[in-house]
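The following note sets out several points on the model under review. Please read the points alongside the sequence and the coordinates.

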Amino acid sequence: MSSSRVEEIREYDMEKPNLTHVQSVGGMTISPELFEKLYLTPKTPTAGDFRKRFANPTPLGFVGFVITDATFAMILMGWGGANSLSGVAGMFFFTGPVLLLLSTIFEWVQGNFFPMMVCGIFAVFWLSFGVLQLPSWGLAAAYSATGNSAEGAATVGYNAAIALYLLAWGFALLTFFIFTLKTNAVFAMIFGFVTTASFILSAAYWRVAMEDYVMAMALQKAGGACLFVVAMLGWYITFVMMAAEMRLTTRLPVGDLSHFWPATDVTLNEMEKNA
């Protein structure tokens, strides 16, 4: 065999794609388990090399989510005498949504379907809930015959509407929880607790509509407690992702669940053939 032919074969072997590992920044290959820990999604085939050219956007979105969620939870529980979200209304428009929307865009660019969905839904949730904290929009005042926001916020119609909204969110989050069972235990617990919190806070608004303010306050604090657990789990998973990206040698467990499921590093056509 001629030397030129040998060189051509060698170059071809160097260019062949690796189907069992994903290449990250710096040319390092990572296992499906580590990929799931970094991106919170099962490893799937994607076109292009965006994961090599761009940084991992998942931790960025989680930082925005966790800061907003932790603050929200502590105020709901009334820590330090806090009893209103008006003073921190900006977090519903900037801290959470801005970082989450940036993360959503780059998750989409890199082809990371599930984290794109997660960051996207939480971005719009914080935005929609932030609107409730802006008196200038007059949402509560519209429920009052005199245009008084305080009166409107105590009406059956206003509280029932928010209760139904949170109920719908609860079922949406429950759907996401099912799919987190393909990732890891920490991520699944985050969605388990946030789903529970959504249903509990929906019940709290129902109790306000029924003028049962004692039970409403108890449910509000219970919902805040669930969201605080979500924040702590969120901080942990964020630290795990950042530690891996910063090449810390400490191996922090997340309870990998992906090995309980069939391999996902196949195309949709291959999956359909094997079904």
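Which residues make the nonpolar surface patch of about 770 Å²?

1. **Basis of the note.** This is a predicted model, in which local features need pLDDT of at least 70 and side-chain atom pairs count only at pLDDT 80 or more, while totals for chains, interfaces and linings use all residues. Residues are numbered from 1 along each chain as its sequence is written, and side-chain values use heavy atoms, with hydrogens and water left out.

2. **The nonpolar patch.** The patch is made by Phe54, Leu60, Phe94, Val98, Leu102, Ile105, Phe106 and Trp108. Patches of this kind join nonpolar side chains (Val, Leu, Ile, Met, Phe, Trp, Tyr) within 5 Å, from residues with over 30% relative accessible area and no salt bridge (a side-chain nitrogen of Lys or Arg within 4 Å of a carboxyl oxygen of Asp or Glu). Helix H5 (residues 95–110) gives the most to the patch, with five residues. Trp108 lies in H5 and is exposed, with a relative accessible area of 60%; exposed means over 50%, buried under 20%, and partly exposed in between (1.4 Å probe, protein chains only).

3. **Overall architecture.** The protein chain has 11 helices and two strands, assigned as DSSP runs (helices H or I, at least four residues; strands E, at least two) and numbered from the N terminus. Along the sequence, the pattern reads α-β-β-α-α-α-α-α-α-α-α-α-α. Buried residues make up 40% of the 275 residues. The chain exposes about 14900 Å², of which carbon and sulfur atoms supply 68%, by the Shrake-Rupley method with a 1.4 Å probe.

4. **Helix H4.** Helix H4 (residues 58–76) has 19 residues and reaches 27 Å from its first C-alpha to its last, close to the 27 Å expected at 1.5 Å a residue; the expected span is 1.5 Å times one less than the number of residues. Because 14 of its 19 residues are buried, H4 is largely enclosed by the rest of the structure. Gly78, with a positive phi near 75°, follows H4.

5. **Ser202.** This residue is found in helix H9 (residues 185–209). Ser202 is buried, at a relative accessible area of 2%. Beyond its neighbours within four places in sequence, Ser202 is in contact (heavy atoms within 4.5 Å) with Ala163, Leu166 and Leu167.

6. **Cysteines.** The structure holds zero disulfides, a disulfide being a pair of cysteine sulfur atoms within 2.5 Å. Cys119 is buried, with a relative accessible area of 1%, and Cys226 also counts as buried, at 12%.

Terms used: Patch = residues over 30% accessible without salt bridge, like charges linked within 9 Å, V, L, I, M, F, W, Y side chains within 5 Å.
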